[in-house]
Amino acid sequence: RYYCSSLASNALVGGIPPVIGSLESLEVLNLKENQLDGDIPADIGNLAFLTNLTLSDNLFTKMPQELCQLSNLTRLFLDNNRLCGSIPAEFGKLYNLEYLYLDHNRLSGEIPGELGTLINLKCLYLSKNQLTGRIPAELGKLFNLKELLLHDNKLSGPIPSCLGRLTKLVFMSLNHNELTGEIPAELGRKTNWEYLHLNNNKLTGSIPVELIKSCNIPLYARSTSNSYLHPLIYTRNISENSLTKDETLPESWETENAFSK
């Protein structure tokens with residue numbers, strides 16, 4: 001009987017053989033950092049006791065619907081592959097999932113609102129894909145979420161204000177999308193941000209006073225790039241938008257931040 005199989009970083013090539021589905025007692029399958037390619041075999045869906053599936057840093061192109069049958073899964077790492085297609089709405093049935101990494105792939109379509117049912121989720125990484133549509137308000141139900149990475153996609157529409165009510169959320173990147181509208185004041189009322197990047201979108205309106213006064217960490221708010229001060233050193237970045245300064249802020253703050261006029 002096999003409970004754990006780790007063949008990470010072994011320069012393996014080719015595909016995963018379908019016989020993998022016969023290892024019915026397997027709880028951990030780690031094949032990261034190889035050169036495996038093709039479709040992730042549907043037979044993995046037979047591994048009813050699997051809690052950790054790590055296939056990161058390979059060349060896989062398709063994930064099967066059968067992954068949604070892995071009801072005991074707590075960790076699903078499929079990042080840094082070449083996965084195409086949409087995110088299955090059926091992922092919302094993986095109720096025990098705590099970590100979902102699908103970043104750095106070629107996924108398209110909208111973020112399914114069904115992900116809002118994953119109430120145990122702590123980290124959701126969907127960045128560096130080709131996702132479109134709005135950020136679903138259902139993500140505001142993920143009260144255990146600590147990290148939300150959606151940057152470098154083609155997401156549009158407003159930032160859901162409900163994200164500001166996720167008390168455990170400390171790390172959020174929505175930068176390099178096509179988001180519009182104003183920055184919700186709810187984001188500024190959170191005092192526990194460790195990292196918040198909203199830069200390089202199409203946001204408009206005033207910067208909420210709450211966002212500036214809530215945290216004693218730097219805020220990068222320039223409307224144009226600055227070759228002398230790299231924005232990545234800032235834990236809060238709202239630059240490269242069309243934002244204006246709130247009239248209640250002191251003039252000294254404006255001289256330190258180049259706003260659009």
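Trainee: Which residue is the bridge partner of D37 in strand 6?

Mentor: That's L59. Strands here are DSSP E runs of at least two residues, numbered from the N terminus. Keep in mind that this is a predicted model, where local features need pLDDT of at least 70, side-chain atom pairs count only at pLDDT 80 or more, and totals for chains, interfaces and linings use all residues. Numbering runs from 1 along each chain as its sequence is written, and side-chain values use heavy atoms, with hydrogens and water left out.

Trainee: How many bridges do strand 4 and strand 6 pair over?

Mentor: Three, in the parallel sense, with strand 4 covering residues 35-39. Two strands count as paired if DSSP finds at least two bridges between them.

Trainee: And what's the strand order in the open sheet?

Mentor: It goes 2-4-6, three strands with parallel pairing. Strand 2 (13-14) and strand 6 (59-62) are the edges, each pairing on one side only.

Trainee: New topic: which residues have the most contacts inside the largest nonpolar core?

Mentor: I44, L53 and F91, in a core of 59 residues. A core means buried (under 20% relative accessible area, 1.4 Å probe, protein chains only) Ala, Val, Leu, Ile, Met, Phe, Trp, Tyr and Cys residues joined through side-chain atoms within 4.5 Å. Another core, of six residues, lies apart from it, and includes F77 and Y125.

Trainee: What is I44 in contact with, leaving aside its neighbours within four places in sequence?

Mentor: I16, I20, L29, L50, L53, L67 and L70, where contact means heavy atoms within 4.5 Å.

Notes:
Helix = DSSP H or I, 4+ residues; strand = E, 2+ residues; numbered from the N terminus. Buried < 20%, exposed > 50% of the residue type's maximum accessible area, 1.4 Å probe, protein only.
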